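Hi everyone, thanks for coming along.

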Amino acid sequence: MAMEVLVQEVQTLPPNTYISIRYGDQRRQSLFQKGETLTFPASQSAAKAMTVDVFRKVGSKQVSLAGIAALGGVVACDNLVIPSIEGSGEFEEITASLSAKLQSAEVAKADAAGDDSRRQAVARKAKDYLEKHGVQSILHEMFAKLLEGQPADPLAFMTNFLELQREEAEDRKKSTEQALAEFEAESGLGSEPFPGFPGDRDSVGKLDLPDLSRHHSLAAETLRDDPKLWESLRTETTAMGVILADCVKAGIDCPGHELVKVSGVFAGDGESYSKFWRFMQPVIKALHPDWKPLASHPREDSVMKLSNACIDPTGRYAVHATMELRRNFKGFLLPPRATKSTFCEVEKILCAALTDAVGVNGAGTLRGTYLPLRHSQSYAPHPFGMTSNQECRLRGANLLFGAPDSRLRLSAGLGRHWP
């Protein structure tokens, strides 16, 4: 049964007096004054009595739950000073240590049901929110600088840090707009292809190859050695719209040097290797003499075979060494024909895979944070890309991907829609 208690009359009460009523397993309380109503929802079993308690409020203190109000968490209040309301009498303040644990309704339901999958979903939802608004990276940097500098007033430091972050975000928006305009004006870094071959792509079926006698790439050599290849393949098109001219553009735009043999070929999609096989096969064979068409790619995942031997004991020649691993995503256009949406979709898939590998609360097999290039606008958690400080740190560690500056790479589309 439901119950409602109305205070109809009350006399001779000191200030700050409250009434508290317990009915069954529920308790309601309010200021003890005429007209106050305490409502109890219906329950399956009706209690045979109610308990009325009257008490005075002697002290009050508001404790902030900022940081856990939205997602839940624990706030510890050590040596909390609660001042007296009257400011005189037996005491002026009370000192206590409390802890408050706040749990969202979804997490509470998951805990009650013992549902780990639902609990993980709630945690992922919270993580997605923080990443969407770039909160995690800002807090990580703030706490790193806080612990490094250890200022006397940490709250003032954090307040100033967040205010600077807002100012920097506004400045970064302006600088990003300016940078994107500059990239768009640079050949090969904007939305348009690098100028050169084949010119009018729609009329490539009628287009003859230019004079390749002074070209030194493997692509030029292959086309020069067998002129019929171009005639037979130039009108062929993959299912995604790639033509042979897309694949050989870089090799034709860049004559190269006779002492530096580059392939001059960049596939426009995965099907390019089979559609233009008669052209691709001799180029690949020249690059990898021991390669066989039906051979599988070698794989080695044993770290025990890595050597700690110093590659330059004298220290006179080797400055640094880097290793890059490159793989293409199946089913997507590659740089010679990729669009801006292609790059964005690949980034989305890659970030999702890395997020799963890191796991919720860092419980996965990998560690790290994805930082898009500075001025990039395709990743919501970092709407203007990495900060200038992050860029400097990565450049100093030789880990920064710079914009392509060679004509060969620009012609191959590796700088399109930069960054």
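Before we look at any packing, one term: when I say contact, I mean heavy atoms within 4.5 Å. What you see is a predicted model, where local features need pLDDT of at least 70 and side-chain atom pairs count only at pLDDT 80 or more, while totals for chains, interfaces and linings use all residues. Residues are numbered from 1 along each chain as its sequence is written, and side-chain values use heavy atoms, with hydrogens and water left out. The helices (H or I, at least four residues) and strands (E, at least two) are DSSP runs, numbered from the N terminus.

Let's begin with a pair of helices. Which residues of α5 meet α9? From α5 we have Leu218, Ala219, Thr222 and Leu223, and across from them in α9 are Phe279, Pro282, Val283, Ala286 and Leu287. Sorted by class, this contact holds 8 nonpolar, 1 polar and no charged residues. Here Ala, Val, Leu, Ile, Met, Phe, Trp, Tyr, Cys and Pro count as nonpolar, Asp, Glu, Lys and Arg as charged, and the others, Gly among them, as polar.

As for geometry, α5 covers residues 218–225 and α9 covers 277–287, and they pack at about 130° with axes 10 Å apart. The axes are lines fitted to C-alpha atoms, for helices over the stretch in contact, and the angles run from 0 to 180 degrees between N-to-C directions. The two helices are therefore oblique to each other; under 35 degrees would be roughly parallel, over 145 roughly antiparallel, 65 to 115 roughly perpendicular, and the rest is oblique.

Now to α7, residues 244–253. Is this helix enclosed or open? 10 of its 10 residues are buried, so α7 is largely enclosed by the rest of the structure. Buried means under 20% relative accessible area, exposed means over 50%, and partly exposed is in between, using a 1.4 Å probe and protein chains only. Among those buried residues are Asp246, Lys249 and Asp253. And what covers them?

Next, a sheet. It is an open one of 3 strands in the order β3-β2-β5, with antiparallel pairing. Strands count as paired if DSSP finds at least two bridges between them. The edges are β3 (26–31) and β5 (50–56), each pairing on one side only. From one strand to the next, the twist averages 20°.

Take β2, residues 17–23: this strand pairs with β5 over 7 bridges and is joined to β3 by 6. Tyr18 is a handy landmark, standing opposite Phe55 in β5 and having Leu31 as its bridge partner in β3. In β2, 6 of the 7 residues are buried, so the strand is largely enclosed by the rest of the structure. β2 and β3 form a hairpin with 2 residues between them, and Gly24 in that turn has a positive phi of about 65°.

Finally, two single residues. Cys351 sits in α10, residues 340–358, and counts as buried at 9% relative accessibility. Leaving aside neighbours within four places in sequence, Cys351 is in contact with Tyr370 and Tyr379. Glu141 lies in α3, residues 135–149, and at 12% relative accessibility also counts as buried. With the neighbours within four places in sequence left aside, Glu141 is in contact with Phe161 and Gln165.
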